[in-house]
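This report is for a reader who is meeting the structure for the first time. Please keep the sequence and the 3D view at hand while reading.

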Amino acid sequence: MSALLHASAPVRQRVHWNERIAHAALIAVALAMLAFLAGPLAAILQQSLQDAQGRFAGLANFVAYAKTPALLDSLWNSVWVSLVVTLVTIPAAFGFAYALTRSRMRWKALARTITLVPLLAPSLLAAISLIYWFGNQGLLKAWLGRLGIDQIYGAPGIVVAEIFSTFPHALMILITALAAADARLYEAADSMGTSAARKFFTITLPGAKYGLISAALVTFTLVITDFGIPKVIGGSFNVLATDIFKLVIGQQDFSKGAVVALLLLAPAVLTFAADHWVSKRQTAMLTARAVPYAPKRAPWFDAAMSAYCVIVCALILAMLGMAVFASFASFWPYNLAPSLRHYAMGLFDAEVGDAFVNSLAMSAGTALCGAALVFVAAYMLEKTQGLKPLRSLVRLLAMLPMAVPGLVLGLGYIFFFNAPANPLNPLYHTLTLMTICTIVHFYTTGHLTAVTALKSLDAEFESVSASLKVPFYKTFWRVTLPICTPALVDIARYFFINAMTTISAVVFLYAPETKVASIAILNLDEAGEIGAAAAMAVLIAVANTVATFGFMALSWWIDRRTQAWKQR
Amino acid sequence: MSDATYLRLAGIRKDFGAFTALSHIDLDIANGEFVCFLGPSGCGKTTLLRIIAGLEVQTAGRIELAGRDISALPPAKRDYGIVFQSYALFPNLTVADNVAYGLTNRKVPKAQARERVAELLSLVGLPGSEAKYPAQLSGGQQQRIALARALATAPRLLLLDEPLSALDAIVRVKLRQEIRSLQRQLGVTTIMVTHDQEEAFAVADRIVVMNQGAIEQVGDAMQVYREPRSLFVADFVGRINVLAATAVDGGRLRVGSHEFHCPHAFRGGSELRVYLRPEDVLARPIPAGDPNVFEALIEKIEFMGPYCLVRVDSPVLGQHKLTVYLSLNYLAEAQLEVGSRLPLRLVPERMRIFE
C-alpha cells in the first residue's frame, strides 16, 4: 500500500536540532577556509592577469616573464638545485632509515633524536653554519679550493644547507615506510634460500617504493619553495623564491611576483597530486595479518650501519655545533673567546627581544587555535552527517595547504587583505593575521594527524550515542576528546615549533611592531650581523627545545589523568 | 494492523546510487518477538537494521513503531537500544559510566542510576564490575556490557547487529543462549542480524531469510529448514543435495534411470529439481519392495564426530552423487568403509520439488 505512495519522493530524514549545531560549525569552518585560503589564492591568480594599473591584461605578464632571461635562469636554477638535493638526500636518508629499522645497531633512539634536532631551528641556521665553516672567513675555506669550488655562496652552499635541512623530513617518511615490513615475506624468502641482495631488491625496495616516491616529492618541494637558505647563502645565485621577494618587496612589481608565485605553485601542486595518488595505493599494502619484522643480529652489517649513522650524526652535530659555537665567539675569526656579545647585541641593540616576544605569542596562538580548529573541523568531517557537497569542499581545502608554498600563501595574503574593499582589511599587518596565515600554512599535517586519530575510534560511537539520545557534543566532550588528547598535544607541538621557525609564510605580512624572531634573524644577516643572527637562531632552537619538553610533560600529565583506561 | 504488531515495515527500498540494496521489504514484527535477519554478506540485512535504527535513510517506504510513523525521524527520536559487532564501548569510561551513559543524559538522579546499573550488570551476569574499564574485560564480557548499556533506558526494541560474530565459538554459543533468555525475561522486541544459520535457529522465534536485497522467506526455524520456499533458502540454510529429475505420470519422477515415488503429481515430462537434505536419505529401515530404495557405493567418508558425512555414488542415479549423514555407530555395526555397498532410501514426503 504505502510503497506506491512513497515511490515518487525519496524519504528525507528530519534533521535533529543538535545536528544543526554540527552543520553550523561545518559551515563556519568552510567560510573561514574560503576567506583565509581560497580567497588569497584567487587573489594571486587575479593579480597575475592584471597590469600595474589593475586592468585586465590577459597573459601579458606571463609573456613578459618568459622574455626576461634573468628570471628564466632562476627557474632553471631552482629546478636543478632541487633535483640535486633530492638525489643526495633520498639515498642518504634511506640508508639512515634502513639502519634504524633493519639493523640491530645500538643507540637507535639517540641517533633518531639527533636527526630531529635540525627541525627545532629555522632552516637558515644551516646556511649560517656553512658560512662559518666555508665562508670567506670560514674555518675550512681552504678545503673548498681542493674540491674545485671557488666559494660556498651560491649553488654549493644552497645545496649543502638544503640537504641538511630536508634530511629529517625525508628520514621520517622513510622510517615509516621501512618500519611497515611484513616479516613473513622475508621468512618465505629465507625458506627458499634467497640471497640478501635479492631480498633487498625484490622485497625491501618494492615495499618502500611509495615511501621513496613520497619522500622525494616532499624533498623537492621543500627545496624549490624554501626562501631562508637561498636568501642567506645564495649570494648572486637567483632562484624562484628569492625572485618573488625581490619583485614584490624590491621592485613592487606585484603582477610579475604573482606570475612567479604561480610558477612556484605548479611543482607543489604536482607533488600534492602525486603524493595523494601514492598514499591511496600505500593503504592497500599492509594487511592486518602482517607480522612485524624484527632484524636479526649480523655483526658486520650492524657495524657498518653504526659507522654510517655515526658519520651522519657527526655531520649534523658539526653543523649545529658551529652555529652555537660561533654565536658565543667574541669576534670571529680573530677572537674566539666566549662572550654573550652577540646575544646582547641581537636581543637589545637590534631589538630582537621584542620580535622574540612576538614569535612566542604567535606560536602560542598558532598552537592553541590551530590545534582546536584542526580537531573540531576534522571531527565535524569524520563523525557527523549531512551537507555532503560542503563536506567534500572542506576536505579539499584542508588538504590544499600542503600544496601551497609559504611565500605564495603570504603573497596571496597581501593581495587579498591589503585590498581596501576587503572588510577584513583591518587585520592586515596584525599578529592575528600572521597567526592565521601560519595556521593555514601548516594546516594539512595537523589535519591528517587528527583524522588518523579519529579514524582509529570505533565508527559506531556516534550511532550508540544517538540511540541513547545523547547529543553528539556530549559524546565529543566525554569520549572523543579525552581519547584523542595525545594526538591533540602532538598537533599543538607541531604548530608551535613550525610557527617559531617559519619565515616564508610571514615574510610579507609583518609590520615593524609585529616582526617575529625568524624574520629578525634574516634582517640581521642582511645587515651583516651574522654572529647575532646565529645567536638568535640558537635561541629559537632553545625555545623550541624547552617547548618540546613542555609538551612532553603536558602529554605525560594528561596521559596519567585521562588515559588510565589504557592500563590493563 | 493487528494489535500485536509492534514494528511494521512497508515497501522499504534503499538505493546507493544506481545499486539497489533493498527492495520490496514488507514485514510485520509482533510485540515481544525475537526475529533474526539471516543471509549471506551483502544481502542487505545490516542495511535494513540500520534503516530501522535511522542510521541509514531508506529511499522509499514506511516504518511504523507501535503504530507511530517513524519513517523520517532521526535516531534520537526513535526508541531502541542497539548493540554492534564491535561492541563500541567507550574505552575511557568505566563499565558503570558506559551502562549509565543514556541514563545520565536523561537526568536520572545519581543514586537511582547507580541502582539501575547494578541491576543491569547482574542481569547480564557481571555484577560488581562497575569500576572496571572495557580493556580489562574479555570480548564476551564487553559484549554483555554493551547489551546492558543498550537496555539501560528500557527501550521497547532491541537491535543486535551481528553481536556474536567477533567472539570465539564457545563464548558465542553461551552468550546467544543468554541473550535469548534475557529477551524472554524482559519481553523486549528484538531483531538480530546474523549470517550464521545455526545461531538464527537457536534464538529466533521467526527467521527472515534475505538474499540480494529481498526477503526470500519468513518463518520459524523448522519451516525455513524443512519447507524452504526457494532454491536459495534451501541452499543457504543447511546442506542440500540437488537432483535433476523428469516427472513421470502418476506421482513419480525419474532421476537417472531410477523412478522414485513422490507425494505430488506433476505434468508428465516436465523438468524438475529435487532438493533433499542429507538426513532425508535413510540407510535404515529399508522396507522390502519400496520403490524409493536404491543401491549405493561409498566413495568418501568425512568424520564429523557422532556422525559422518558420506558421499555415495550409484549407477542408477546417473552422474548425481549424494551426500548423506550416517551415524558412527551404524558405520561400525554394518562394517561400512570406502568401497562398501549399501541400500539407501529417499523419504518421499521430505523431498522439496521445484519446477
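In this predicted model, A:Val352, A:Ala355, A:Phe356 and A:Ser359 in helix α17(A) meet A:Ala517, A:Ser518 and A:Ala520 in helix α24(A). By class, the contact of α17(A) with α24(A) has five nonpolar, two polar and no charged residues. The axes of helix α17 (residues 352–383) of chain A and helix α24 (residues 517–526) of chain A come within 8 Å and cross at roughly 150°. Because angles over 145 degrees count as roughly antiparallel, α17(A) is roughly antiparallel to α24(A).

The nonpolar cores come next. The largest nonpolar core holds 258 residues, of which A:Ile128, A:Leu174, A:Leu264, A:Met536 and A:Ala537 touch the most other members. Helix α23 (residues 472–501) of chain A gives the largest share of this core, with 16 residues. Once its neighbours within four places in sequence are left aside, A:Ile128 is in contact with A:Val232, A:Ala323, A:Ile530, A:Ala533, A:Ala534 and A:Ala537. There is also a second, separate core of 22 residues, which includes B:Leu253, B:Val324, B:Leu331 and B:Met351.

Where the two chains touch, 35 residues from chain B and 31 residues from chain A take part in the contact. On the side of chain B that touches chain A, β1 (5–16), β4 (60–65), β6 (81–83) and α3 (101–105) of chain B each supply at least two residues. By class, that side of chain B has 20 nonpolar, 13 polar and two charged residues. For the complex, the predictor gives an ipTM of 0.83 and a pTM of 0.86.

Chain B can also be described by itself, with 10 helices and 20 strands. Its C-alpha atoms fill a box of roughly 80 × 45 × 35 Å, taken along the principal axes, and buried residues make up 41% of the 355 residues in chain B. Among contacts in chain B between residues at least 6 apart in sequence, 63% join residues at least 24 apart. Chain B averages a pLDDT of 91, and 99% of the residues score at least 70. Among the elements of chain B, strand β3 (residues 34–38) of chain B has the highest mean pLDDT, 97, while strand β20 (residues 352–354) of chain B has the lowest, 85.

Two single residues, one from each chain, can be followed in the view. B:Ile215 has its place in strand β10 (residues 214–219) of chain B, and A:Ala42 is found in helix α2 (residues 17–48) of chain A. B:Ile215 is buried, because 23 other C-beta atoms lie within 10 Å, whereas A:Ala42 counts as partly exposed, because it has 14 C-beta neighbours inside 10 Å. Leaving aside its neighbours within four places in sequence, B:Ile215 is in contact with B:Ile25, B:Leu27, B:Val208 and B:Met210.

| Residue pair | Apart in sequence | C-alpha to C-alpha distance |
|---|---|---|
| B:Ile215 and B:Thr46 | 169 residues | 13 Å |
| A:Ala42 and A:Thr432 | 390 residues | 21 Å |

Technical notes
Residues are numbered from 1 along each chain as its sequence is written. Chains are lettered from A and ligands numbered from 1 in the order in which they are written. This is a predicted model: local features need pLDDT of at least 70, side-chain atom pairs count only at pLDDT 80 or more; totals for chains, interfaces and linings use all residues. Axes are lines fitted to C-alpha atoms, for helices over the stretch in contact, and angles run from 0 to 180 degrees between N-to-C directions. Helices (H or I, at least four residues) and strands (E, at least two) are DSSP runs, numbered from the N terminus. Angles under 35 degrees count as roughly parallel, over 145 as roughly antiparallel, 65 to 115 as roughly perpendicular and the rest as oblique. Two residues are in contact if their C-beta atoms, placed from the backbone, lie within 7 Å. Ala, Val, Leu, Ile, Met, Phe, Trp, Tyr, Cys and Pro count as nonpolar, Asp, Glu, Lys and Arg as charged, and the others, Gly among them, as polar. A nonpolar core is a set of buried Ala, Val, Leu, Ile, Met, Phe, Trp, Tyr and Cys residues joined through C-beta atoms within 7 Å. A residue is buried if 20 or more other C-beta atoms lie within 10 Å of its own, exposed if 12 or fewer, and partly exposed in between; C-beta atoms are placed from the backbone. pLDDT is the predictor's confidence in each residue, from 0 to 100.
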